Amino acid sequence: MTVVSPGFPRVRPRRLRGSQAIRDLVAEARLEPSAFMLPIFVREGITEPEPAPGLEGHKRYPPDSNHLIEFMQNAMDLGVKSFLLFGVPRVKDEVGSRAYASDGPVQVALRTIRRELGWEPLVATDLCICGYASHGHCGIPRKGRRGVYIDNDATLEVYRKIAVSQAEAGADVIAPSGMMDGQVAAIRDALDREGFSDVAIMAYSAKYASRFYGPFRTVMDSAPRFGDRRSYQMDPRRRLEALREVHHDLMEGADIVMVKPALAYLDVISLVKENFPDVPLAAYNVSGEYAMVKLMAREGFAQESELMMEVLTAIKRAGADIIITYHAVDAARLIKEGFNPF
Ligand code: PBG
């Protein structure tokens with residue numbers, strides 16, 4: 001409750017803003033590199049890292065390369081210990097079979113990582129078929145009575161196979177991002193049956209049909225070849241539905257839940273944290289949000305480091321425990337150097 005000051009200013013919030021030390025003392029949200037998760041792209045069939053188009057400063061790595069290991073080691077030296085792996089296959093087909101091939105890009109990368117870095121890094125794997133499927137959808141298309149639709153339950157069978165192959169290759173955490181109903185239950189069941197009850201699930205629970213995924217889809221070559229994702233990803237106009245999605249994912253066995261994107265959905269992050277305070281909550285600061293920061297900086301409208309820290313702090317302040325971000329390495333370096341724009 002606010003105390004009304006009588007006549008003259010007795011209440012002076014400015015007292016707590018007057019010096020660096022006092023601002024730092026009363027800060028509520030603080031960033032730590034250990035709470036960042038860094039997305040990494042690996043691509044089949046290349047021998048040298050190549051720039052990730054649209055994701056300035058990021059690369060697609062050969063899955064079995066030293067470059068990948070050096071990149072991860074550098075991040076770990078700065079305190080970033082968690083990674084989210086995405087694979088780009090050489091060939092795509094109807095069901096995205098390279099997503100569950102034992103020599104698929106993510107599986108090869110996982111084995112390389114475990115051989116070179118052991119189990120020190122936490123490696124999560126994105127589980128979806130959009131980047132692996134010829135049609136670019138997150139599920140299997142079928143002809144139905146109202147035209148082509150994405151077949152939920154047929155897709156779950158494919159997701160089971162992907163989960164098991166990723167676990168076999170060395171994933172710590174499986175992160176299903178396709179927004180099929182029942183995907184967490186299906187994956188949990190498949191993992192448990194195959195003896196991977198120790199593999200955790202980070203569910204993309206409240207994932208919206210967003211225009212902020214543009215650069216990512218270029219990097220992954222995963223844009224839908226027909227139609228769009230509105231029949232499975234959430235409608236940006238809905239807020240409370242996020243609670244339903246999170247609730248069901250938890251009932252199905254999710255260990256960590258996620259809101260995605262982050263910046264335009266801070267209200268959803270806050271809502272989920274308030275309703276499920278005991279559940280680790282991740283927020284995905286997506287490719288388009290990253291690109292906006294880069295563009296602002298390039299135009300001279302803001303200093304990149306300051307803007308980045310403001311964005312990440314806002315996501316933290318809203319209630320995210322974990323921030324998945326392309327800024328992870330840069331932000332960790334700034335934090336290590338004691339950079340503080342507040
Ligand atoms: C889809 C997937 C998407 C992202 C990660 N996995 C979005 C989409 O194409 O619908 C987006 C990540 C980003 O924009 O950074 N399986």
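The legends below describe close-up views of a predicted model. Residues are numbered from 1 along each chain as its sequence is written, and side-chain values use heavy atoms, without hydrogens or water. Local features need pLDDT of at least 70 and side-chain atom pairs count only at pLDDT 80 or more, whereas totals for chains, interfaces and linings use all residues.

**View 1. The largest nonpolar core, with Y159 and I269.** Of its 90 residues, Y159 and I269 touch the most other members. A nonpolar core is a set of buried Ala, Val, Leu, Ile, Met, Phe, Trp, Tyr and Cys residues joined through side-chain atoms within 4.5 Å, where buried means under 20% relative accessible area (1.4 Å probe, protein chains only).

**View 2. The surroundings of Y159.** Leaving aside residues up to four places away in sequence, Y159 touches L127, C128, I129, C138, G178, M180, Q183 and I187; contact means heavy atoms within 4.5 Å. A second, separate core has 26 residues, including A52, F86, Y204 and I324.

**View 3. Polar side chains at the ligand.** Polar contacts here are pairs of N or O atoms within 3.5 Å. An oxygen atom of the ligand lies 2.8 Å from a side-chain N or O atom of R217. For R229, a polar side-chain atom is 2.8 Å from a ligand oxygen atom. A polar side-chain atom of K207 lies 3.5 Å from a nitrogen atom of the ligand.

Definitions and conventions: Buried < 20%, exposed > 50% of the residue type's maximum accessible area, 1.4 Å probe, protein only. Polar contact = N/O pair within 3.5 Å; in protein donor to acceptor, adjacent residues only side chain to side chain.
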